[in-house]
Amino acid sequence: QVQLVESGGGLVQAGGSLTLSCVASGSIFGITSMGWYRQAPGKQRELVAVLSNGNMSNYTNSAKGRFTISRDNAKNTVYLQMNTLKPEDTAVYYCNAKRVVVASIYMDYWGQGTQVTVSS
């Protein structure tokens, strides 16, 4: 099992910045990527940014140029630096880890979520 604990959410005014952190523990061997998803009220959970072990990153279009995903392998931590925040960024942000179980079979692990609220 992999445990993910997020922190760093909060209330910020539009144009402000926040940095989310996610610490992984447990059976972290075999994790191939870590990322951030978000879910706004009444909407489906969506990918925000993902970072693979090969340091390849991918962002949703609305996050490109404003958000940066990074990781500190020594601390088993992934970060999401969010700049120029907009009210539409308001959501619960979830940390995700994908871990290979066997061959090409992966398992998803999720954190408990952290609320980000951007006021206009």
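Me: How many aromatic pairs does the structure hold?

Reply: Before counting, note that this is a predicted model, where local features need pLDDT of at least 70, side-chain atom pairs count only at pLDDT 80 or more, and totals for chains, interfaces and linings use all residues. Residues are numbered from 1 along each chain as its sequence is written, and side-chain values use heavy atoms, with hydrogens and water left out. Rings of Phe, Tyr and Trp (its six-membered ring) pair if their centres lie within 6.5 Å; planes under 30 degrees apart are stacked, over 60 edge-to-face, and the rest tilted. By that rule, the number of aromatic pairs here is one.

Me: Are the rings of Tyr37 and Trp110 stacked or edge-to-face?

Reply: Their centres are 5.0 Å apart. The planes sit at 75°, so the pair is edge-to-face.

Me: How many residues apart in sequence are the parts that Tyr37 and Trp110 tie together?

Reply: Strands are DSSP runs (E, at least two residues), numbered from the N terminus. Tyr37 belongs to strand β4 (residues 31–39) and Trp110 to strand β10 (residues 105–110), so the parts they tie together are separated in sequence by 73 residues.

Me: Is Trp110 buried or partly exposed?

Reply: Buried means under 20% relative accessible area, exposed over 50%, and partly exposed in between (1.4 Å probe, protein chains only). Tyr37 has 18%, so Tyr37 is buried. Trp110 has 35%, so Trp110 is partly exposed.

Me: At what distance from the ring centre of Trp110 does Arg45 lie?

Reply: A charge sits over a ring if NZ of Lys or CZ of Arg is within 6 Å of the ring centre and within 35 degrees of the ring normal. Arg45 lies over the face of Tyr94, at 3.7 Å from that ring's centre. Arg45 also lies over the face of Trp110, and there the distance is 4.6 Å.

Me: Which are the edge strands of the open sheet of four strands?

Reply: Two strands pair if DSSP finds at least two bridges between them. The order in this sheet is β1-β3-β8-β7, with antiparallel pairing. Strands that pair on one side only are the edges, and these are β1 (2–7) and β7 (67–72).

Me: Which residue in β8 stands opposite Leu20?

Reply: Strand β3 (residues 18–26) and strand β8 (residues 77–82) run antiparallel and are joined by six bridges. Facing Leu20 across in β8 is Leu80.

Me: How far apart are the closest N and O atoms of Asp89 and Arg66?

Reply: Asp89 also has Arg38 as a salt-bridge partner, at 3.0 Å from N to O. Asp89 counts as buried, at 1% relative accessibility, and so does Arg66, at 10%. Between Asp89 and Arg66, the closest N and O atoms are separated by 2.8 Å.

Me: Which residues do salt bridges that share partners join into one network?

Reply: Lys98 and Asp108 lie in strands β9 and β10, so that pair ties together parts 10 residues apart in sequence. The network of shared partners is made up of Arg38, Glu46, Arg66 and Asp89.

Methods
A salt bridge is a side-chain nitrogen of Lys or Arg within 4 Å of a carboxyl oxygen of Asp or Glu.
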